[in-house]
Amino acid sequence: MEPGVISLRVGLAVAETLDELTGVSPALKWPNDIVVDDRKLGGILCEMRWHGDQPSWLVVGVGLNVANAIPEDLIDSATSLTGRCPDTSPDVLAKPLTERLRRLDVVTTMLTPEERERYAARDWLRGRLLKDPVSGVVRGVDGTGALTVETAGGEVHALHSADLRLDSPACS
């Protein structure tokens, strides 16, 4: 199991839970950001330890800015849920999100076609121009959770981890 696949599954679970409970429909920025109105709402961190060829344990962290005030220097790149949905609180989100996360497939090593389709519908990077680490157009994610980028010459690169730099401003 790749932590990247888990991160994308967790992102889908978070986005779909927020959609259902708040009406806020977040986008997902590969590999681990939750984005609303082109501003970062939260992030996901996954860590896994292996025992031989088997996963020994997995820790998933989800951070969402539900109600914290946005510092002045982050006002253009960060947001909070209460800014869009004033009645939202951590108490409203915690149990349904935890229940959904517990049902996630943490064993299957590939994203299913259905998961890829759901991700594509929320993919914040799809169609954007990437400058670095490879120059090209983001085409989406593949079954392994890698970000696919097509160069001007038609070559497709699969990025499994990378610090991305876009041709236009983006959430960090």
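**View 1. Residues around the largest cavity of the predicted model.** The lining of the largest cavity is made up of Ser-7, Leu-8, Gly-11, Leu-28, Lys-29, Pro-31, Asn-32, Asp-33, Ile-44 and Tyr-119. Helix 1 (3–22) and strand 1 are the elements that give two or more residues to this lining. Helix 1 provides the largest share, three residues.

View 2. Rolling a probe the size of a water molecule over the atoms shows where empty space is left.

**View 3. Pro-31 in its loop.** Pro-31 sits in the loop between strand 1 (27–29) and strand 2 (33–36). Pro-31 counts as partly exposed because its relative accessibility is 34%, a value between the limits of 20% for buried and 50% for exposed. Pro-31 is also one of the residues lining the largest cavity.

**View 4. Pro-31 and its surroundings.** Leaving aside residues up to four places away in sequence, Pro-31 touches Ser-7 and Leu-8. Ser-7 and Leu-8 are also among the residues that line the largest cavity. Gly-43 lies 12 residues from Pro-31 along the chain, and 9.2 Å separates the C-alpha atoms of Pro-31 and Gly-43.

Terms used. Residues are numbered from 1 along each chain as its sequence is written. This is a predicted model: local features need pLDDT of at least 70, side-chain atom pairs count only at pLDDT 80 or more; totals for chains, interfaces and linings use all residues. Side-chain values use heavy atoms; hydrogens and water are left out. Helices (H or I, at least four residues) and strands (E, at least two) are DSSP runs, numbered from the N terminus. Buried means under 20% relative accessible area, exposed over 50%, partly exposed in between (1.4 Å probe, protein chains only). Contact means heavy atoms within 4.5 Å. On a 1 Å grid over the protein atoms alone, a cavity is a set of points where a 1.4 Å probe fits but cannot get out, and a pocket is an open set with protein on both sides within 12 Å along at least five of seven lines; lining residues have an atom within 4 Å of a point.
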